[in-house]
Structures are given as structure tokens and as C-alpha cells.
Amino acid sequence: MEVIHTAIWTTDLDQMKEFFIDDIGLEHQKDFVGDDGVTNYYVGGEEGATIQLKHDPDADIEVDPSGIAHVAISVDDTNELVESLEEREDCQAVDGPKTINDGVADRRIA
């Protein structure tokens, strides 16, 4: 058994693609528009599970992220990436960067 993907609804697909591909460094894996008109756009790393970005251009959807605690993505340098995103987007990280021990090793998270 394996995890295949996590789906996230978005009201701005271009912004989400920019974040996950340009900012984080994930790669476009595949995309398709379903019979229902919903765009399904997948991003991921070199191997493993992907993130499915779902966008319905005809729906008046209010995306409520309250059920998503976080999405874990491995990056080369957490501090550098957070600093770059904060400067470019003129924003502040909600939490971190900081070091935690997940029971296996110390990890930098944000």
C-alpha cells in the first residue's frame, strides 16, 4: 500500500502552480480536465506521492483550508527558501523556520 496523492482545491490555479513549481521546485507531473470541467493539475518531486491541485473555473467555491494541517515537502535549505518567499511575496511565515525532532532526526520546518 502507498500514498498516491493529496488533493487541494484552489481558486487560483496559476498562483498555486507558481508557488509549488517556481518557488518550491516541484515538477509538473500531469494534468487533465475531467468531464465535470474541473482542472486536475499534479505536481511532485522525483518520486513518491504528488499534490493534485483542483480548480473549477465555473464554480463559486470558497476554499476553506481549515482541514489541512500542513503539506510536507523536502527542500534543500528551509531557511533560504522561507527567506526568499518572505522577501518576494512581502509576507511572514506562519511558523518557523525551526528545528524539531520527529523521533528519527532533527528536521528544519516552517
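**Note on charged side chains**

1. Asp95 is partly exposed, with 41% relative accessible area. In this predicted model, Asp95 forms a salt bridge with Lys98, at 2.9 Å from N to O. Lys98 is partly exposed too, at 33% relative accessibility.

2. The count of salt bridges comes to six. Side chains of opposite charge can pair when their charged atoms come close.

3. One of the pairs is Asp14 with Lys17. The closest N and O atoms are 3.9 Å apart, and the cut-off is within 4 Å, so the pair counts. Both residues belong to helix 1 (residues 13-23). They are three residues apart, which means a separation of about one helical turn. Asp14 is exposed, at 57% relative accessible area. Lys17 is partly exposed, at 24%.

4. Arg88 and Glu18 form a salt bridge at 2.9 Å, N to O. This pair links distant parts of the chain. Arg88 lies in helix 2 and Glu18 in helix 1, 70 residues apart. Arg88 is partly exposed, with a relative accessible area of 42%. Glu18 is partly exposed at 35%.

5. Arg88 and Glu18 also belong to a network of salt bridges. Asp23 and Glu89 are linked in that network as well.

6. Look next at the negative surface patch. Asp76, Asp77, Glu80, Glu83 and Glu87 form it. Asp76 sits in the loop between strand 4 (50-55) and helix 2 (78-89). Is Asp76 buried or exposed? Asp76 has 86% relative accessibility, so it counts as exposed; the cut-off for exposed is over 50%.

Methods. Residues numbered from 1 in each chain as written. Predicted model: local features only at pLDDT ≥ 70, side-chain atom pairs only at ≥ 80, totals over all residues. Heavy atoms only, no water. Patch = residues over 30% accessible without salt bridge, like charges linked within 9 Å, V, L, I, M, F, W, Y side chains within 5 Å. Areas by Shrake-Rupley, 256 points an atom, 1.4 Å probe, with all protein chains shown as cover. Lys, Arg positive; Asp, Glu negative; His and termini not counted. Charge placed at Lys NZ, Arg CZ, Asp CG, Glu CD. Helix = DSSP H or I, 4+ residues; strand = E, 2+ residues; numbered from the N terminus. Buried < 20%, exposed > 50% of the residue type's maximum accessible area, 1.4 Å probe, protein only.
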